[in-house]
Amino acid sequence: FLEKIDLTGVEPFTLLLIEFKGRTRITELIWDGISKHLNIPDNGTPKIWSSATLYSKADRIQRIEWFNNWLKKYSDVDDSNILNFHTAKHTGNCSSNVMMKRDNGIQTVSISQVRIDEHNSKFFYFDLSDQIKTEIDIT
């Protein structure tokens, strides 16, 4: 389906399809407005995704660098450390920070995290406007 669907006229997006039957598998579909890019990332490697419509390629590359540097500092990748990464200021430029706020009113409104391990899988949602954290079991 992902290979055959015609996305002409559809705005760019990134879709993550997570399958839980048997061994967990993630399929990443990136539509850049011109062509589709299908990837199957390594499940054992932490990964960060950034909106292609909100961030330039240079900004997305910089976010990957921040994430990789953070991973070197925090070998224990626990949920609170990941949330701290997302809410920290990595630069003085609020327009490109992970917690982004731009002069035109566009800003980060929530943070979503998925934790998949051998015991369970959880979806974490943090609504920044009312500071409510929600955790959902997805096993």
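Trainee: Glutamate 28 lies in strand β2. The model is predicted. Why does glutamate 28 count as buried?

Mentor: Its relative accessibility is 5%. Buried means under 20%. The value of 5% falls under that cut-off, so glutamate 28 counts as buried.

Trainee: What makes the pairing of glutamate 28 with asparagine 39 a polar contact?

Mentor: The side chains of glutamate 28 and asparagine 39 are joined at 2.6 Å. A polar contact needs N or O atoms within 3.5 Å, one able to donate a hydrogen and the other to accept it. The distance of 2.6 Å is within 3.5 Å, so the pair meets the distance limit.

Trainee: Which polar contact joins the side chains of glutamate 28 and tryptophan 49, and at what distance?

Mentor: That polar contact is at 2.3 Å. Here too the limit is 3.5 Å, so a pair at 2.3 Å is within it.

Trainee: Which residues does glutamate 28 touch, leaving out those up to four places away in sequence?

Mentor: Thr14, Leu15, Leu16, His37, Leu38, Asn39, Pro41, Lys47 and Trp49. Touching means heavy atoms within 4.5 Å.

Trainee: Now glutamate 3, in the segment before β1. Why does glutamate 3 count as exposed?

Mentor: The relative accessibility of glutamate 3 is 67%. Exposed means over 50%. The value of 67% is over 50%, so glutamate 3 counts as exposed.

Trainee: And lysine 36, in strand β3. What makes lysine 36 partly exposed?

Mentor: The value for lysine 36 is 26%. Buried is under 20%, exposed is over 50%, and partly exposed lies in between. A value of 26% lies in between, so lysine 36 counts as partly exposed.

Trainee: How do you know that glutamate 3 and lysine 36 meet?

Mentor: Glutamate 3 touches Lys36 and also Leu38, residues up to four places away in sequence aside. There is a polar pair as well. The backbone oxygen of glutamate 3 lies 2.7 Å from a polar atom of the lysine 36 side chain. With a limit of 3.5 Å, 2.7 Å is within it.

Trainee: Which other backbone oxygen lies 2.7 Å from a polar atom of the side chain of lysine 36?

Mentor: The backbone oxygen of isoleucine 5. The residues that lysine 36 touches include Leu2, Glu3, Lys4, Ile5 and Leu7, and also Leu29, Ile30 and Trp31.

Trainee: How far apart are the C-alpha atoms of lysine 36 and histidine 119?

Mentor: They are separated by 34 Å, and the two residues are 83 apart along the chain. Glutamate 3 and valine 77 are 74 residues apart in sequence, with their C-alpha atoms 33 Å apart.

Trainee: Next, the nonpolar core. What makes a set of residues a nonpolar core?

Mentor: The members must be buried residues of the listed nonpolar kinds, joined through side-chain atoms within 4.5 Å. The largest nonpolar core has eight: Ile48, Trp66, Phe67, Trp70, Leu71, Ile82, Phe85 and Val98. α1 gives the most to this core, with four residues.

Trainee: Against which elements do the buried residues of α2 pack?

Mentor: Against α1, β4, β5 and β6. The buried residues of α2 are Asn81, Ile82, Leu83, Phe85 and His86.

Trainee: Turn to the largest pocket. What makes a set of points a pocket and not a cavity?

Mentor: In a cavity the probe fits but cannot get out, whereas a pocket is an open set. About 1,400 Å³ of space lies in the largest pocket. Its lining has 39 residues, with Lys47, Trp49, Ser112, Gln113 and Val114 closest to the centre. β4 gives the most, seven residues. By class, the lining has 19 nonpolar, 13 polar and seven charged residues.

Trainee: Which residues lie nearest the centre of the second largest pocket?

Mentor: Ile30, Trp49, Ser50, Arg60 and Ile64, out of 13 lining residues. The volume of the second largest pocket is about 300 Å³. α1 supplies the largest share of that lining, four residues.

Trainee: What is the order of elements from the N terminus on?

Mentor: β-β-β-α-α-β-β-β. That gives two helices and six strands. Buried residues make up 25% of the 139 residues.

How values were computed
Residues numbered from 1 in each chain as written. Predicted model: local features only at pLDDT ≥ 70, side-chain atom pairs only at ≥ 80, totals over all residues. Heavy atoms only, no water. Buried < 20%, exposed > 50% of the residue type's maximum accessible area, 1.4 Å probe, protein only. 1 Å grid on protein atoms, 1.4 Å probe; cavity = no way out; pocket = protein on both sides within 12 Å on 5 of 7 lines; lining within 4 Å. Points joined across faces, edges and corners; volume = space filled by probe spheres on them. Nonpolar A, V, L, I, M, F, W, Y, C, P; charged D, E, K, R; others polar.
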